[in-house]
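Okay, thanks for making time, everyone.

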Amino acid sequence: MDSPHDKRPMSLTTNLFFLFLLLFTNLLTLFLSSAFYTSCSLSNPTTTLSSHIPPPTTTSNLPSDFLAFTSGQFLPFGFNTNFDSDTVYPPVGSSCTQFPNELNPYMSYKVNGSCPDDELLAQKLLLKGCEPLPRRRCRPAAPPSYVEPYPLPTSLWTTPSDSSVVWTAYTCKNYNCLINRRTQKGFDDCKDCFDLEGREKTRWSSDKSSNGGLDFTIDEVLATKKPGTIRIGLDIGGGVATFAVRMMARNITIVTSSMNLNGPFNNFIASRGVVPLYISISQRLPFFDNTLDIVHSMHVLSNWIPTTLLHFLMFDIYRVLRPGGLFWLDHFFCVGEQLEEVYTPLIESIGFNKLKWAVGRKLDRGPELREMYLSALLEKPLNNSY
């Protein structure tokens with residue numbers, strides 16, 4: 001029996017054999033692992049890392065007050081049957097942590113002190129998908145010499161005081177500049193909206209359809225339902241809320257959603273005496289199912305929105321409308337062939353009844369673009385459509 005301490009030297013042939021065996025097994029392992037990885041990658045692309053998805057953000061580089069807000073909070077009286085939990089988790093947009101360069105300065109402030117003057121940063125975060133924005137424990141910037149708004153009904157058609165706005169985020173620093181920007185070159189959202197003596201004065205004021213039937217009137221829309229049954233609703237991307245003002249004159253309450261794209265739209269809406277809602281088109285509508293009588297949107301819902309996102313949004317509109325409620329799609333625009341190939345099938349897939357459907361050419365940017373307008377009045381069925 002050989003001793004374990006036997007150190008007799010191996011022959012040269014034996015050494016070469018073991019060296020060859022070691023190299024062979026290593027090469028075989030490399031070949032098999034490469035083949036397995038390639039097979040997995042081809043048969044299931046989701047197993048590979050996507051270059052456009054950022055790596056998970058660790059909590060170590062997130063602001064402390066962001067973590068304080070988003071962490072679960074125990075209920076003071078323990079388990080609550082309504083929550084089905086003993087803990088509350090405040091909601092925050094899932095995209096927030098993907099943009100630490102914006103999130104960190106937004107959530108960096110002195111608790112119980114003043115918030116940074118950072119409206120532009122906050123809106124950038126929101127439009128990137130950080131919606132809802134996390135709450136903060138600080139006081140927002142306010143106008144230094146605030147003046148009370150005009151009383152109703154004067155406020156409805158009077159330009160507010162410049163002192164009602166913090167102007168830091170905007171190119172214009174007063175309302176006179178905003179009113180006159182319609183004559184300036186360059187893009188601005190709703191360029192002539194702030195001029196209440198201009199187009200806003202006549203918008204939705206006609207008593208009959210015009211522009212080839214594309215311009216429905218408020219009264220002809222309301223006439224499709226029993227008097228008094230259209231009472232509350234939403235205007236998506238409603239500019240300075242002239243639609244809500246027109247409806248107020250008919251005892252109908254409209255909430256107007258709007259962003260502040262290089263102009264204080266939400267301040268202006270509130271100063272007029274109607275309710276602004278600061279959400280993007282990506283946000284789930286903050287209303288319960290089957291509750292609103294009417295949803296209106298002019299120009300905003302168009303082909304600039306990714307098709308899948310638009311499909312989700314249309315279903316969300318259907319969700320919040322009560323049975324028999326109206327969706328007024330006002331001047332939706334797209335390129336000619338898109339209307340028949342993409343958007344008409346998309347709209348029809350939602351399940352609305354068509355009450356009005358008018359198509360016409362959009363020529364304001366030139367006929368060579370082949371753009372089309374669609375105005376439609378759609379009704380949610382009284383009975384389930386599924």
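Predicted model: local features only at pLDDT ≥ 70, side-chain atom pairs only at ≥ 80, totals over all residues.

Let's start at Cys 172, which is buried, with a relative accessible area of 6%. Its partner is Cys 177, and the two are joined by a disulfide with the sulfurs 2.0 Å apart. Now, is Cys 177 buried or partly exposed? Cys 177 has a relative accessible area of 23%, so that one counts as partly exposed. What about its handedness? The torsion about the S-S bond of Cys 172 and Cys 177 is about -60°, so this disulfide is left-handed.

How many disulfides do we get in total? The count comes to three. Let me take the other two in turn.

One of them joins Cys 96 to Cys 130, with an S to S distance of 1.9 Å. This link is right-handed, with 90° about the S-S bond. Have a look at where the two ends sit: Cys 96 is in the loop between strand 2 (87-88) and helix 3 (100-106), and Cys 130 is in the loop between helix 4 (119-127) and helix 5 (175-180), so the bond ties together parts that are 34 residues apart in sequence. As for accessibility, Cys 96 is buried at 0%, and Cys 130 is buried at 0% too.

Then there's the disulfide from Cys 115 to Cys 138, at 2.0 Å from S to S. The link of Cys 115 and Cys 138 is right-handed, with 100° about the S-S bond. Here Cys 115 comes from the loop between helix 3 and helix 4, and Cys 138 from the loop between helix 4 and helix 5, so this pair connects parts that are 23 residues apart in sequence. Cys 115 is buried, and Cys 138 is as well.

While we're on cysteines, let me point out Cys 334. Cys 334 counts as buried, at 1% relative accessibility.

Okay, back to that loop between helix 4 and helix 5, and on to prolines. Pro 132 is in that loop, and the peptide bond joining Glu 131 and Pro 132 is cis, with omega about 5°. Pro 153 is in the loop between helix 4 and helix 5 as well. The bond from Leu 152 to Pro 153 is cis, and omega there is near 0°.

Next, some backbone angles. Ala 241 is buried, with a relative accessible area of 0%.

His 299 also has a positive phi, about 70°, and again it is not a glycine. You'll find His 299 in the loop between strand 6 (292-298) and helix 9. His 299 counts as partly exposed, at 30% relative accessibility.

Now to Ile 252, in the loop between helix 7 (242-248) and strand 4 (253-257). Ile 252 counts as buried at 4% relative accessibility. What does Ile 252 touch, leaving out residues up to four places away in sequence? Its contacts are Leu 222, Ile 230, Arg 231, Ile 232 and Met 247. Take Ile 232 from that list: Ile 252 and Ile 232 are 20 residues apart in sequence, and their C-alphas are 5.7 Å apart in space.

Last stop, a pair of helices. Helix 9 (residues 307-320) packs with helix 10 (residues 336-350) at an angle of about 30°, and their axes are 9 Å apart. Angles under 35 degrees count as roughly parallel, and helix 9 and helix 10 are therefore roughly parallel to each other. The crossing of helix 9 past helix 10 is right-handed. Who makes the contact? From helix 9 we have Thr 307, Leu 310, His 311, Met 314, Phe 315 and Tyr 318, and from helix 10 there's Val 342, Tyr 343, Leu 346, Ile 347, Ser 349 and Ile 350. Sorted by class, this contact of helix 9 with helix 10 has nine nonpolar residues, three polar ones and no charged ones.

That's my tour, so over to you for questions.

Note on methods: Residues numbered from 1 in each chain as written. Heavy atoms only, no water. Axes fitted to C-alpha atoms, helices over the stretch in contact; angles between N-to-C directions. Helix = DSSP H or I, 4+ residues; strand = E, 2+ residues; numbered from the N terminus. Parallel < 35°, antiparallel > 145°, perpendicular 65-115°, else oblique. Left-handed = near helix turned anticlockwise from the far one by under 90°. Contact = heavy atoms within 4.5 Å. Nonpolar A, V, L, I, M, F, W, Y, C, P; charged D, E, K, R; others polar. Disulfide = S-S within 2.5 Å. Buried < 20%, exposed > 50% of the residue type's maximum accessible area, 1.4 Å probe, protein only.
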